[in-house]
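Me: Could you walk me through the model I have open? I'd like to begin with the ligand.

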Amino acid sequence: MTGPATGSRPLTLLLVHGPNLNLLGERKPEVYGTTTLLDIEADVAAAAGARGAAVLSFQSNHEGAIIDFLHEHRRLANGVVINAGALTHTSVALRDAIEAVNLPVVEVHISNTHAREGFRHVSLIAPVCLGQVTGLGRPGYTAAVNLLLDHLAAPGAS
Ligand code: CA2
C-alpha cells in the first residue's frame, strides 16, 4: 500500500543519499558548500516534522544497499527524497528499483548538475521521478520535502 497515512500512522518519507555524500562538508566546499549530511538530515526531519511526517534517513556507498533499502521500505514509506550522487548518471538498476517500488520520488542535487561536466547532465532516474531539484544547495532538500508532501496531500496522490 502506498497511499496517504490512515488512522494515526504519520506519512513516512525516506531520505536516501548515495556514494560519497557521507563526506559532505569535509571537502569540495566550492561545489557542495560546508553543510554536512547530518545537517541535511536534520533539515529534512524538521521540514517533514513541521507537517506531521516522519523521515527515515539512509546513506550508502553501495548501489545494491540503496536498492535493498528502497525494496525493504516500499510498503512503509509514502515517498522518497533521493540524492543518488553519481549513481544518478550511471545506474539503470537504481532507475528500475525506483520504478519498481512505485512511490513518488523527488530527485535532489546540491550542485547544478547541468552547469557541470557533460556526464552529469543526464539523469537515468529522472524519468521515473516526480521531479528534480538541482543546484539549490541545502535549501533544495526542504523544497523537495514540501513538494513531495504537497503531492501526497493532493487528491488521488500515490
Ligand atoms: O550535486 C549533487 O548533489 C551530486 O548528486 C553530488 C554527487 C555528484 O556525482 C552528482 O553529479 C551531483 C557527488 C557527491 C560527492 O560528494 C562529495 C562530498 C565531499 C567531497 C567530495 C565529494
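Reply: One oxygen atom of the ligand lies 2.9 Å from a polar side-chain atom of arginine 120, which is a polar contact, here a pair of N or O atoms within 3.5 Å. The protein covers 94% of the 510 Å² of accessible area that the ligand has on its own, with areas from the Shrake-Rupley method and a 1.4 Å probe.

Me: Before I go on, what kind of model is this?

Reply: It is a predicted model, in which local features need pLDDT of at least 70 and side-chain atom pairs count only at pLDDT 80 or more, while totals for chains, interfaces and linings use all residues. Residues are numbered from 1 along each chain as its sequence is written, and side-chain values use heavy atoms, with hydrogens and water left out.

Me: OK, how far is the ligand oxygen from the side chain of histidine 89?

Reply: An N or O atom in the side chain of histidine 89 is 2.7 Å from an oxygen atom of the ligand, and a polar backbone atom of isoleucine 110 is likewise 2.7 Å from a ligand oxygen.

Me: And which residues around the ligand come nearest?

Reply: Of the 15 residues around the ligand, those that come nearest are Asn83, His89, His109, Ile110 and Ser111, where being near requires a heavy atom within 4 Å.

Me: Switching topic, how many helices and strands does the chain have?

Reply: The chain has six helices and five strands, taken as DSSP runs (H or I, at least four residues, for helices; E, at least two, for strands), and along the sequence they follow the pattern β-α-α-β-α-β-α-α-β-β-α.

Me: What does the C-alpha trace span?

Reply: Along its principal axes the C-alpha trace spans about 45 × 30 × 25 Å.

Terms used: A polar contact is a pair of N or O atoms within 3.5 Å; within protein, one must be able to donate a hydrogen and the other to accept it, and residues adjacent in sequence count only if both atoms are side-chain atoms.
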